[in-house]
Every structure is written in C-alpha cells, then in structure tokens.
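Work through the exercises below with the sequence and the 3D view open beside you, and try each task before you read its solution.

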Amino acid sequence: MKKGGFPRPSMWWIYGLIAVFILGWHLMDDTGGSPVQSDWDTVERMVVQGEVERIEVVNRDQAQVYLKEGVAELYRNDAENKSLQRIPDTGVQLVFNIGSVDAFREDLKTAEDLSGNTVPVAYKNKSNDWTNLLINILPWVLIIGVWFFIMRSMSRGGGAGGGGIMNVGKARAQVFDKDNSKRVTFKDVAGLEEAKVEVMEIVDFLKKADKYRELGAKIPKGALLVGPPGTGKTLLAKAVAGEANVPFLSISGSDFVEMFVGVGASRVRDLFEQAKQKAPCIVFIDEIDAIGRARGKNAGFSGNDERENTLNQLLTEMDGFQTNTGVIVLAATNRADILDKALMRAGRFDRQIEVGLPDVKEREEIFNVHLRPLKLDPQLDRSFLARQTPGFSGADIANVCNEAALIAARNNKKFVSKEDFLAAIDRIVGGLERKNKIITDEEKRVIAYHEAGHATVSWILENASPLIKVTIIPRGKALGAAWYLPEERQITTRDQMMDELAATLGGRVSEQLTFGHVSTGALNDLERVTKQAYAMVAYYGMSEKVGTLSFYDSTGQSDMALTKPYSELTAQQIDAEAKQVIEQAYAMAEQVLREHAEGVKELAELLLAREVVFTEDVERIFGKRKKDIERERREAESTAAPADVPAESEPAHASVPHE
C-alpha cells in the first residue's frame, strides 16, 4: 500500500466485486424467498380446500404452485405442519416433481371433481439463464485468459527479446551503477598493468573531465579489448564499471541476433538511446565478433544478412551524424582478425588494448588473488607455482587453485599443499590419471623407452625446454607424458626451434634404436613436428631454397580463398624443405641418444620401476645441463669480481647472450 494513498489495484478487487454482486442479487431478489419443496398429497389437499390459485408445469417435470392471497400466512402460523411455515408470501410458493404430465392431469382432475373448484394449469419450458450465459461466454473467457497468461509470461522474460512480444526490439542490457553491492575494482584484477593504464585513463576522464578539456583533449570514443580466452577482458570491464562511478551498460554481442528481421538494428538503437539518457556512461559489448564480422564474406549465400544490418546500425550509432557525447563504448573479443575494418578504425574504436597471456610475475599476482580464500600450507612457494604454469591464462590459474582445493579435500587434508597444486596442474594439462588402463608389459616397456628418449634429448640439447618430470602413467588419451618448463621468450631462433624439434622426435628415435621398429605412439609428436617444420619454411622464412618469404596471413582475410598464394613449384619446394628440416632434427636426436645410450637405458628402467621420474633423477644420471653450468659460472664471476673494477672492464658479461 502506498503511503497516503489507496491500495494498489489487484485481481482480488475483481473477485471481491463479483462476490458483492452475487450477494446483492440474492438479497434484492423480488421473489420474497425460495419456494418450499413439497409433494402431490399436500398440494391435493390444498386443491380440495380451494386454496390454490394456479399451477405452472415447467419443463414437464416440475410443478410450481401459487396459493391464493392470505393462505400462506395461515400456514406460517400453523404449529402442526412446520415444513409449511417457510412459505413465501409472493411468487412460487410450493414446488414438487411430477412423474408424467398425463398422470398429473388425471390426479388434478380427480381433486377438482371432489372440491368443485377449477385450478388453472399452465405449461412452460424454461432454460437456465446462468447456464446459457456460461456456455456463450466461457470460450471467450478461456481465450482471453490464455492470451493474458502468454503476454504475462513474455513480459517476465519468456518471450523474444526478454521483454515480451511488444518489446522485442528493446536491448537487454544489464545496468550497473555506483550503488551496486557486488562491485569489482582494479584491486581485484591482478596483472594486466599496461591494459589497466589504458582503461584507467578513460575512468579518470569521466571523473576529472575538466583537466582534459582545458588542454583541448577528447576522450576516446571506444576501446577494444583483444586477447586470448580467459585472460581477463570481461573482468577488466567489470573493474571499469566498479571504478568509474557512472552508469555502465553491459550486453553480449549475441543478444543483438534474433530470428526476427530488423530486431538487431532496433536493439542497437535502443541501447544507445538508453546510454544517451544516462550519459556520461560506459557501454560494454562482450564478444562483439558475433555482430562485428567483416561484411561481404557471405554475400553469395544471403542478399540481406541480418548481422550486416545490425553492424551497419552499430557503425552509424558509434560515429554517425548523431552526437553521442559522454557515451564511451568498450568491447571485447578474442577474434580481432575477423572484425570489419570499418569497426576497427579510429573514431569508433580509437584504441585496441592487448590483453595477453600473463608472464611469470603476473601469474604470481594472479595466484595471490585466487589463493586468498584457500587454507594453504605455510611453506607454499607461490613463485614456484607461477613458474610451473607457463602459458596459463587467468582462468586457467583460477581452475588450478580450485582443482588443488578439491584434491586436498578428497584426500582429507587440513590444508592445500604443493603436491596438490602439482597434481592439479597435471590434471589440467594431461588429463585424469587412468591407472586401471590395461597395458601389457611389452607396451609398458616401449612407452618407458619412448618417454626416456624425450627426456634425454631435451636434457642434453642446450636450447630445448628443461624437463620437470616424466611419467608412464596413462593420462587422458596419452599413454605417457613428460612435463617441461619452457623458457618465456618473445622471439625464437632457428637453432632453438631445431632443438625443440629434436626433443619432440626423441621418443620415436628411442623406439627405433632400442627395439628396431616403430609404433603408433608417436602420432602426437609427429603432428606437432610437421606443423612446426612447415611453419619454419612457409611462415618464418627459415629455408634457403624457399627463401625469406612468408605466406602467413595475419589479417584473416583469406578465409574464403580457394587457391594457394604460391605456385605448384613453390609448394614442392616447401614440402621438400619441411621434410629436410624434420630429417635434420631426427639426426640430431639420434646422435644424442647414441652417445647417451646407457643413460637412456638407466632412465627407462627407473621409469619402469617407479613410473614417475623427476628432474633430480635425470640430473643424477646425465649431470647438470650446459645452460645451468654456464649460468652458475656467470653468477660466480659476478660475485667474485673486485668492487673497484668498472663494469665495462668485464668482458664476460658482454660476450654472454641475453636470455
């Protein structure tokens, strides 16, 4: 109930009015009361005494008796016959059922002959007015009721567009404001320092616009967050919403796409209309590639593509004749290569903010965020966890923390330890352990020598990734697995790529040297090697015969191309050069395994006995890696250098390549 007013109308009001109407109809009935149910014997006595004025036979089965004036009052005062004390003064006063009309007429004629009085009899057919009314009105009531139910369901979100059939063109944007209790701030976003600087400037402009206007600066109209899945693009947008203290409209790109023609463009117009009313505000469109795909790609399949119409309307709203002062558009996608060029140009999205995979320092910060709610081992080294997860995104790290907690709870531990995190990483990277998988002793031996070959070559070759552990326990679809810690570098040389190819082929080479035959277990290795070799020749220009050419298309505009961008002769050269690269890597792996045959055998037998081998075991068999020895030598030289010697006089530092 509103304060100082009337209660809000509801369906109960209608029910109440109907009840009052029915009650009033009964109270105001002019019949003077309901007739008394009687029988023919009583009525026959009244006929003989001359007290009946007339009788009406209704529908050939009921007789309604009307008494003469004053007779009803006599019977109401009769103490002997109590059933007749309720006779009404007017109207139908007695009713009784008759078996048949002919028998009733004979009985009435006999009573009339006894009394000498004649009683008029009328025959009528009456229908129930309420029954007829219900029969005529009920279908319409049902139709109106069903329609009302459907419309009400649509208005609650069950219809197209979530706003009912009449609101199908309305944008379904979620609105966040400064009073929202579940606010995300930049403190909740670990890493992404460069990206946060870019978006914080937008937030700062909304808070302190005068500082920028004094210098004549204009705020960017839009910013596009680009990066792989799980790197925190949507989380960064939520932090902008929490920090800006202005209205924030969030919507997904797929929300514009509907089965009805013209709905997408209508929702775009409605979205920007809402934004203008709330300006200054921020509009965030997640997964914008759902509507921002380059136009003209599917022109042969559809002459009037609804997605293109939606994109055209979005382009017009972002930079058309209408002014959108105070409306800033943020968008996120992991497929920037397929977006339309008109959408990417300055004036619409002035900035493209790269949200990439975190480095080791940023991964440690992300771990610190996700480890807050966990009960941890006090001895847990968080930097160790960051080093063990190269290439993991923020979503992957969150999954690792949750999996570690689940593993610790499954083992009834009091806290989450280092072993739980390592098991979680193995679970995510390699899949679930399948210890019950049936493997024969001969197959197990082949797998052990295969994995020992990988471990040996990667340990001996200087530029290969160092080994963390190797196991012959089946995980997922793999019968064995080796975990490495790749060096985080921005560029890779040809020598480094060749060492990595040799390490990948180490398993196949070890099978060939040990057993004299090969198996299908190297399928994944051969697939990776083939792709890498073709990339070296056709993309990176690392082949002398093919030359310094690259046939890689970073724009993604040649998706529908039906021809290769090179001749048949060049294709043959690419095939020959890729094969030569693989043969060279194979020879490198074979040379390493022949020189360290005893170590391979010892490592394989250790795998057969323990099933899991760690870095310490490999170091005990083969010694320290060349890179580790070189690093320790440099560290020793730097600590032993005299304090008074200038830095430029130390040639050892200048000659060591940057790692």
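The side chain of Ser543 reaches the backbone nitrogen of Val546 at 3.5 Å, in what is a predicted model.

**Exercise 1. Describe the surroundings of Ser543: where does Ser543 lie, is Ser543 buried or exposed, and which residues does Ser543 touch?**

Step 1. Begin with the place in the chain: Ser543 belongs to the loop that runs between α19 (523-538) and α20 (568-595).

Step 2. Then turn to the accessible area, for which a residue counts as buried under 20%. Because the relative accessible area of Ser543 is 7%, Ser543 is buried.

Step 3. Finally, look for contacts, leaving aside residues up to four places away in sequence: Ser543 touches Met536, Val537 and Glu577.

**Exercise 2. Work out the five-stranded open sheet: in what order do its strands lie, and which are the edge strands?**

Step 1. Reading across the open sheet of five strands gives the order β1-β4-β3-β2-β5, and the pairing is mixed.

Step 2. The edge strands are β1 (36-37) and β5 (121-124), each of which pairs on one side only.

Step 3. Helix α4 (residues 101-115) packs on this sheet, where it touches β2, β4 (94-97) and β5, and the direction of α4 makes about 170° with that of β5.

Step 4. Within the sheet, β2 (residues 52-58) and β3 (residues 62-67) are joined in the antiparallel sense by six bridges, and Val52 has Leu67 in β3 as its bridge partner.

**Exercise 3. Examine strand β7: how many of its residues are buried, and which strands pair with β7?**

Step 1. Strand β7 (residues 222-226) is mostly covered, since five of its five residues are buried.

Step 2. Sort these residues by direction: Gly222, Leu224 and Val226 point one way, Ala223 and Leu225 point the other way, and all are buried.

Step 3. Follow the pairing with β10 (residues 327-333), which runs parallel to β7 and is joined to it by five bridges; here Leu225 stands opposite Ala332.

Step 4. Follow also the pairing with β11 (residues 351-354), which is parallel too and has four bridges; in this case Leu224 has Gln352 as its bridge partner.

**Exercise 4. Check helix α9: what span should its residues have, and what do its buried residues pack against?**

Step 1. Helix α9 (residues 263-278) has 16 residues, and at 1.5 Å a residue these should span 22 Å.

Definitions and conventions
Residues numbered from 1 in each chain as written. Predicted model: local features only at pLDDT ≥ 70, side-chain atom pairs only at ≥ 80, totals over all residues. Heavy atoms only, no water. Helix = DSSP H or I, 4+ residues; strand = E, 2+ residues; numbered from the N terminus. Buried < 20%, exposed > 50% of the residue type's maximum accessible area, 1.4 Å probe, protein only. Polar contact = N/O pair within 3.5 Å; in protein donor to acceptor, adjacent residues only side chain to side chain. Contact = heavy atoms within 4.5 Å. Pairing = 2+ DSSP bridges. Axes fitted to C-alpha atoms, helices over the stretch in contact; angles between N-to-C directions. Expected span 1.5 Å × (residues − 1).
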